[in-house]
Amino acid sequence: MLSPAILIPAVLNGLMTGAVYALVALGLTLIYGVLHIINFAHGALLTAAMFAAFFAHRLLGLDPYIAAIFLTPLFFLLGYGLQRFVIGPAAHGEDRNILLVTLGLAVVIENALLYAFRADTRTINLPYAFDVIEIGTAFLAVPRVIAFVVVFAVALGLWAIMRWTDTGKAIRAVAKEKLGAQLSGIDVAHVYAVTFGLGTACLAIAACLLVPTYYVNPHVGNAFVLIAFTIVVLGGMGSVAGALIGGLFIGVVESLSGFYLGESLGQISIFVTFILVLLLRPSGLFGARA
């Protein structure tokens, strides 16, 4: 059972899956790092993005990876609008109000999708969905390999935005010291909305990477957002690098647990990891201690 011929494929497949988990968590931790709130609508927005990718293929014939080019800016605008015109004004500057508003948005989005599309589970058939790439003794699904490469490209692009652009510098300034950034002339409300938009755009990309191999229904985002919360806590609240590394780690843990304990029990280890992190290192791997 400990043969490299068995372990290596399991680890590689775990890394492929963990990359998509990391992208979902990346949007969540980015929003927390700047706005300092938990976005409870994250899972519902991921579900909406998966439905958008599904119908882009079903109605327009767009490959999900091509659809990502159009859905990413669309969901950035959606996230920007939600924060600027719904969440921000409704919160009245109170963090607890923001939590309630995002929770309310999650309920509205999920029930709207349920009303419009019922509880039916949908999938799409793509010619390359079951193609594999052979690497040594491992056989890796082509969609997972594509997802792995895309996630790292997105993470690199996000790092470049945060490091080199004026918008990224403004985001880092607001995350570090909101009042100081405001006094220096930065439009904090705009920065909050841009950050929320970036987090939502990450969900659109993640949805397009998931749709080729995963089902779609009105509650599908909840499973991913629970894992994303675990990754954010593991990596450290607000840490982008922590979300990326934590996602890969959780993917490997899930893969190995599924192999040894069975597919139905694979995710138990994720939540055991979550509890252990809370007990032993509440600040996470890369989080700062309060």
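**Overall architecture and nonpolar core**

Of the 290 residues of the protein, 50% count as buried in this predicted model. The accessible surface amounts to about 13,900 Å², and carbon and sulfur atoms account for 70% of that area. Along the principal axes, the C-alpha atoms occupy a box of roughly 60 × 45 × 35 Å.

The secondary structure comprises eleven helices and two strands. Read from the N terminus, the elements follow the order α-α-α-α-β-β-α-α-α-α-α-α-α. Among contacts with a sequence separation of 6 or more, 76% are made by residues 24 or more positions apart.

The largest nonpolar core contains 86 residues, of which Leu 23, Leu 46 and Met 50 touch the most other members. Helix α8, spanning residues 188-210, makes the greatest contribution to this core, supplying 16 residues. When neighbours within four places in sequence are set aside, the contacts of Met 50 comprise Ala 207, Leu 210, Val 211, Tyr 214, Tyr 215, Val 216 and Val 220. Two of these partners, Ala 207 and Leu 210, fall within the residue range of helix α8.

With regard to charge, the protein carries 13 positive and 12 negative side chains. The centres of the two sets are separated by 8 Å.

Technical notes
Residues are numbered from 1 along each chain as its sequence is written. This is a predicted model: local features need pLDDT of at least 70, side-chain atom pairs count only at pLDDT 80 or more; totals for chains, interfaces and linings use all residues. Side-chain values use heavy atoms; hydrogens and water are left out. A nonpolar core is a set of buried Ala, Val, Leu, Ile, Met, Phe, Trp, Tyr and Cys residues joined through side-chain atoms within 4.5 Å. Buried means under 20% relative accessible area, exposed over 50%, partly exposed in between (1.4 Å probe, protein chains only). Helices (H or I, at least four residues) and strands (E, at least two) are DSSP runs, numbered from the N terminus. Contact means heavy atoms within 4.5 Å. Accessible areas come from the Shrake-Rupley method with a 1.4 Å probe; for residues, only the protein chains shown count as cover. Lys and Arg count as positive and Asp and Glu as negative; His and the chain ends are not counted. The place of a charge is taken as NZ of Lys, CZ of Arg, CG of Asp or CD of Glu.
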